[in-house]
Amino acid sequence: MNERLRVVLADDHELVLEGLRSLLADEPDLEVVGLATSGAALLDLIAQRRPDVAVLDVQMAGMDGLDCLKEIRRRGLPVRVLMLTAFGDGEAIQSALAGGADGFALKTAPPRQTVDAIRQVGRGYLVFPPAARKWMVGARAEPAPSGGGLSAREWEVLERLAEGLTNAQIAEAIGVSDNTVKFHLQNIFQKLGVNNRTEAAAHYFRTRGQNAGGGR
Amino acid sequence: MTWPEEHLAARRILSVTEEELQRIILDIHDGPVQKLFAALSQLSALETRLTHDDAPEAWRVDLARVSGLIEASLGEIRSSLGTWRPPGFSRRDLVSMLEGLIIQHEEFTDCRVEWDVIGLVPAVSLPAKIALYRILQEALSNAYRHAGVKNVWVRVAGEGGRVRLEVMDKGRGFTPPPLVGPQATERAEHIGLRGMRERVALVGGTLTLLSAPGQGTRIVVEVPANE
């Protein structure tokens with residue numbers, strides 16, 4: 001049986017914390033293991049409770065959500081971060097992406113979407129609005145797709161994955177962030193119709209002959 | 001160059017307007033949005049529990065109706081906040097702000113924006129930054145509402161002490177009305193265009209509008225860079 005995803009919530013609006021907690025109480029696969037009303041309290045909570053996912057309000061008094069995200073990344077805390085905000089405009093999306101968030105959910109959208117986003121982020125997906133995707137990898141300069149519908153960059157990531165590298169090692173090898181690697185993997189899995197790394201690697205070994213020298 | 005007194009006053013008013021907008025938006029953010037989101041979370045939880053508890057169907061229908069109303073209000077608030085929230089004009093650079101606007105436009109509409117930054121784009125004054133941002137916003141919105149096409153090209157370039165912003169579509173086009181002088185259009189549907197032209201004039205720039213029926217539309221704005 002799958003373990004429940006452990007979630008902490010941080011928001012300086014207690015009403016919001018109460019509402020979300022109440023909603024999450026009915027989700028059998030999610031467990032709220034802590035609440036915080038400030039960024040500083042959240043950092044302590046993450047250190048103590050070791051949650052899988054932190055849901056973080058962008059606009060908090062004192063240390064706001066983005067500063068807090070920066071601090072989580074600086075300390076290398078092993079937690080996935082979903083930013084929650086009332087602002088769905090370009091600036092809000094850009095800041096969350098630039099800060100290395102794993103996802104972005106809106107308080108002006110139905111709260112059920114936040115619940116889904118928590119689940120997705122907990123499973124390792126990056127959850128951003130579609131319009132943000134092309135900005136996530138600086139993808140404008142990406143070369144034309146090679147065989148299998150994968151871009152040259154995605155093929156490169158797949159190649160490293162098949163060599164047995166971890167996300168962090170792939171990130172270092174090709175000079176991008178972990179998040180970017182995750183983003184590429186998500187697209188690769190989707191394009192190849194596979195569910196995990198092993199299946200993706202198997203696909204690579206099956207088809208690499210057809211793609212030899214591919215990428216341009 | 002020295003600006004006449006009334007010109008400086010008008011430039012200040014533009015910045016103050018953006019500050020006022022910021023305050024209104026924060027009030028909406030801190031009050032209604034948080035409460036509506038919290039209320040909708042509680043309602044969703046209640047809906048789930050009623051389903052488990054075999055409650056009368058009529059209750060669930062009523063509850064779904066209330067949730068739907070709140071959801072719709074939040075949706076309306078989302079688009080006004082998105083349109084009007086000033087994007088941190090004083091702390092952000094022009095290119096990243098314009099990029100943000102493009103992400104937002106693609107997110108709120110089904111349009112595709114081809115975006116190019118040519119060369120190094122120099123810094124511009126705060127009022128010029130605001131002007132370029134609001135003009136791009138207006139131009140994208142016009143293209144979306146009137147051009148009848150899904151693709152727009154936006155290009156920003158630094159050229160000889162000036163910043164040049166171009167917005168182009170290959171849509172249905174129109175006959176541009178006169179925007180200055182005694183013949184300047186007073187028609188309601190042209191207010192946005194006049195607003196663009198006036199914003200640019202206030203920061204010492206120029207606006208050129210090229211369009212004809214069936215020929216698409218191209219808007220070129222040039223403003224001086226900071227010396």
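**Cores**

Analyst: Here goes. This is a predicted model. The largest nonpolar core has 91 residues, and the members that touch the most others are Ala54(A), Val55(A), Leu56(A), Leu82(A), Met83(A), Leu132(B) and Leu136(B).

User: Which helix gives that core its largest share?

Analyst: Helix H4 of chain B, residues 126-147, with eleven residues.

User: What is Leu136(B) in contact with, leaving aside its neighbours within four places in sequence?

Analyst: Leu98(B), Leu101(B), Val154(B), Leu165(B) and Val167(B).

User: Let's take H8 of chain A. Which of its residues are buried?

Analyst: H8(A) covers residues 167-174, and its buried residues are Asn167(A), Ile170(A) and Ala171(A).

User: How do they sit around the axis of H8(A)?

Analyst: They fall within an arc of 100° seen down the axis of H8(A), so they line one face of the helix.

User: What follows H8(A)?

Analyst: Gly175(A), with a positive phi near 70°.

User: At what angle do the axes of H8(A) and H9 of chain A cross?

Analyst: Roughly 105°. The two axes come within 8 Å, and H9(A) spans residues 178-192. Angles of 65 to 115 degrees count as roughly perpendicular, so H8(A) is roughly perpendicular to H9(A).

User: Which residues make the contact?

Analyst: H8(A) supplies Asn167(A), Ala168(A), Ile170(A) and Ala171(A). From H9(A) come Asp178(A), Val181(A) and Lys182(A). By type, that contact has four nonpolar residues, one polar and two charged.

User: Switching to chain B. How many helices and strands?

Analyst: Five helices and five strands. Along the sequence the pattern reads α-α-α-β-α-β-β-α-β-β.

User: How much of chain B is buried?

Analyst: Buried residues are 29% of its 227 residues. Of the contacts in chain B with a separation of 6 or more, 68% join residues 24 or more positions apart.

User: Now the interface. How many residues of chain B are in contact with chain A?

Analyst: 32 residues of chain B, against 29 residues of chain A. On chain B, the elements giving two or more residues are H1 (5-52), H2 (57-84) and H3 (94-108).

User: Which gives the most?

Analyst: H1(B), with 13 residues. The chain B side divides into twelve nonpolar, twelve polar and eight charged residues.

Definitions and conventions:
Residues are numbered from 1 along each chain as its sequence is written. Chains are lettered from A and ligands numbered from 1 in the order in which they are written. This is a predicted model: local features need pLDDT of at least 70, side-chain atom pairs count only at pLDDT 80 or more; totals for chains, interfaces and linings use all residues. Two residues are in contact if their C-beta atoms, placed from the backbone, lie within 7 Å. Helices (H or I, at least four residues) and strands (E, at least two) are DSSP runs, numbered from the N terminus. Ala, Val, Leu, Ile, Met, Phe, Trp, Tyr, Cys and Pro count as nonpolar, Asp, Glu, Lys and Arg as charged, and the others, Gly among them, as polar. A residue is buried if 20 or more other C-beta atoms lie within 10 Å of its own, exposed if 12 or fewer, and partly exposed in between; C-beta atoms are placed from the backbone. The arc is that of the directions from the helix axis to the C-beta atoms. Axes are lines fitted to C-alpha atoms, for helices over the stretch in contact, and angles run from 0 to 180 degrees between N-to-C directions. Angles under 35 degrees count as roughly parallel, over 145 as roughly antiparallel, 65 to 115 as roughly perpendicular and the rest as oblique. A nonpolar core is a set of buried Ala, Val, Leu, Ile, Met, Phe, Trp, Tyr and Cys residues joined through C-beta atoms within 7 Å.
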